[in-house]
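Look at the sequence and the structure below before reading on. The report then goes through a few features of the fold.

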Amino acid sequence: MPSLGFGLERLGLLALRAPIVSLLLVLAASVVCLFGLPRLQADDALSELFRAETPVFQDYKKMSDRFPASEFDVLVVVEGAKLLTPELFEQVRTLHLELEFAEGVAGVLSAFSMRDPPDESGYPPPMIPDELPEGPAFMELIQKVANHPLLEGKFLSIGGDAGDDLTILVVSLNQAALTHNGLAPSIASVEQTVADVLKDIPLKASLSGAPVMQLEIRSAIERDRIVYNFAGFLVGAGICLAFFRRISLVFIAAICPVVAVLWALGLLGLYGLKLNTFINVIPPLVMVIAFSDSMHMVFSIRRRIGEGDDRWAAARHAVRTVGPACVLTSITTSLALLSLAITDSALIRTFGFAGAFATLLAFISVIVVVPVLSVLIIRNEEAFRRGEVERARGLRWLGQACIDFAAWLSRNYMPVALLGIAALVAFAAMHLQLEPLYRLSDEVPRHNQSVGASKRLDARLTGAYPLHIMVEWPEEMTIGSAPVLDAIAAAHGIQVAHPDIGNVWSVETLRQWLKDIGIDDPKVLERYLGLLPDHLVGRFVNTKSRSALVTGRLPNLDADQSVPIMRDLQAKLAELKTTNPKISFTVTGLTAVSALQSASMIAQLNRGLLMAIAIVIVLIGIAFRSVLVMAMSLLPNLFPIVGAGSIIYLSGGGLAYASVIALTVGFGLAVDDTIHFLARLERERNKLGHWASAVMATLSHIGPVLILTTIVLVAGLAITMFSDLPSMRLFGKLTMIVLGGALVGDIVILPALIMAVNRVFSRNRRVHAE
């Protein structure tokens, strides 16, 4: 009969012809990959998830190029019960001045940046004098600051729920310094300056903004890569040792995941890929795949040696019998991961290709390393067999439990099969009701300062997430042209009028302030803009590119809450365009990109998962050359996916990026168990000639492997629950649920379904015979 693995498992037989040479080649490849590990760097940009050729992202890129400081501000949030006293307010001014000279800082914007109207000479004096007044005069100054149109609801909040006053300092980072030194030194400089100035002062400060979030993501990625992957491996190896009670077998089974992860990360580093929240999933993914297949190989070799084979015969038998299933599982998992390539996101497409490539590397490591190490490490088969009598007690207990369960299932397969079908239908009904869900802050470690500071800004100053309208005009106009100023004013008014948008800032803010003091001359406005610092003007005007920004701020909202806001703005701006045909208006910014693209991208990923399921199930049918096997394999592989989806639904969640990727990866792993079960079932059916006996024999042989492998993998993935990254925790949780559901589907529902279908077909054949 043709091989399930299309003959690719013969790579293991080739390795056995020269095991020492094969091992040296593995070591040489590993050494080469070691040079790629230091080249791995974290990619922390929040926008990378949405990088695509779509108009929405291209508009965002254009805006970012023209206004680089627009979304790269560090927000220093200062709070205190006595903030608005002369002594502490003076300390905030000191902090402003010190931050101006901090390393990597281009400028600072705060209440102390504001100026009064120009005097007779045209000079606008500072609104807050060098010498702060005291007593009633100081409180009068504070009221002036709080009610100033350029400051009200933007930089200062008086008397929150806890009685604390709050002010923010907006720190612009120097783009040249960022390019040369990276993000960490600049953020560290800001943090150190804040700590030094506010030391021993009853004020508390925290940092927020996109740069701080990016740095926190980078730190969490690097920590997860080192700590949790290593800890997960140790947990899995410990559980494996508890059952095998033989270090040699644990080493053979556990070294393959290590080699596979080394190859995958090393080659990704040599290729120049950067680590992110998705690429960070590849090490545990590869570890899971390699460990699962290596366990099947080791179990087969151990059993054959126990039955009397020498180590060479046992290794060749494992390659010939288990190897084809390993090939097929690698192909199906790779196809599932390649389904991610249909999304618009370049980052997720890269993850799909890299994950598929890493899966194939995992197969190569297993099919070569396990048989080679088995013949090199296990030197005395007779001593090995004698040791199994005492050491395999746990495995024998697990095997007996599977035999007892198989006997019970043989008597109750029909209700179990019907219950499985009913559960699948119920879970699918809930899964299909899931809606896309995305929140920008979900990419950021929860317990870090940026999320807490953003929440307080949501409550006190209407939000920390900028939303921009970019206004562009033709060459014949300038920022002082009446049509341009009127267009900016109209766009400004649209944002101000929206109930969910606050803290709106643009040229119109300055224009209205000048109007309030009796100055309504565009030339004065242009002259005043020329007096302001470049880092301040550059936030909302770029005369070279003939564009301006109207910037408001949103609270932390889900995508399904943000998208209607964007659509409403777009509709109103489309009407505005009809009266200003030469001027264009674009809703953009990271908030807009994440809201507008997340729903469509998550939907694309979900469609990719459905396509992967269809392709993989058809491939199983082709490999086993059976339409019936193809149909029966559908239920145990859909069961864990819709089961996990139903848990998301019942918990009130939705389909986030990490959810769909976890379900896609989980499906690839679930298919692994199904293929190994069906491959063993086919061999037992050919040997025993009876379906019921074949199912019981398969459960007794493959059941312990599936159970132990699932226990080890779930225990290893449980380490992700301690990750600081919400997306990593969600990925780990859902993958564990899928693995548990896959075990139920493959050792409970699938064998029950096979026996039920066989009974129905047998009865029909008897009826036709009569």
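Predicted model: local features only at pLDDT ≥ 70, side-chain atom pairs only at ≥ 80, totals over all residues.

## Nonpolar cores

The largest nonpolar core holds 247 residues, and Val76, Val190 and Val471 have the most contacts inside it. Helix α13, which spans residues 346-377, gives the most to this core, namely 17 residues.

Another core, of eight residues, lies apart from the largest one. Its members include Phe57, Met63, Phe67 and Met470.

## Surroundings of Val190

With neighbours within four places in sequence left aside, Val190 is in contact with Val74, Val76, Leu99, Val105, Val171, Leu173 and Leu207.

## Helices α17 and α21

Helix α17 (residues 482-497) packs with helix α21 (residues 559-579). Their axes are 11 Å apart and form an angle of about 155 degrees. Because angles over 145 degrees count as roughly antiparallel, α17 is roughly antiparallel to α21. The crossing of α17 past α21 is right-handed.

On the α17 side, the contact is made by Ala487, Ala490, Ala491 and Ile494. On the α21 side, Leu569, Lys572, Leu573 and Leu576 take part. Seven residues of this contact are nonpolar, none is polar and one is charged.

## Val319

Val319 is found in helix α11, which covers residues 311-321. The relative accessible area of Val319 is 0%, so this residue is buried.

Not counting residues up to four places away in sequence, Val319 touches Glu9, Gly12, Leu13, Leu16, Met297, Pro324, Ile367 and Pro371. From Val319 to Met63 the separation is 256 residues in sequence and 57 Å in space, C-alpha to C-alpha.

Conventions
Residues numbered from 1 in each chain as written. Heavy atoms only, no water. Core = buried A, V, L, I, M, F, W, Y, C linked by side-chain atoms within 4.5 Å. Buried < 20%, exposed > 50% of the residue type's maximum accessible area, 1.4 Å probe, protein only. Helix = DSSP H or I, 4+ residues; strand = E, 2+ residues; numbered from the N terminus. Contact = heavy atoms within 4.5 Å. Axes fitted to C-alpha atoms, helices over the stretch in contact; angles between N-to-C directions. Parallel < 35°, antiparallel > 145°, perpendicular 65-115°, else oblique. Left-handed = near helix turned anticlockwise from the far one by under 90°. Nonpolar A, V, L, I, M, F, W, Y, C, P; charged D, E, K, R; others polar.
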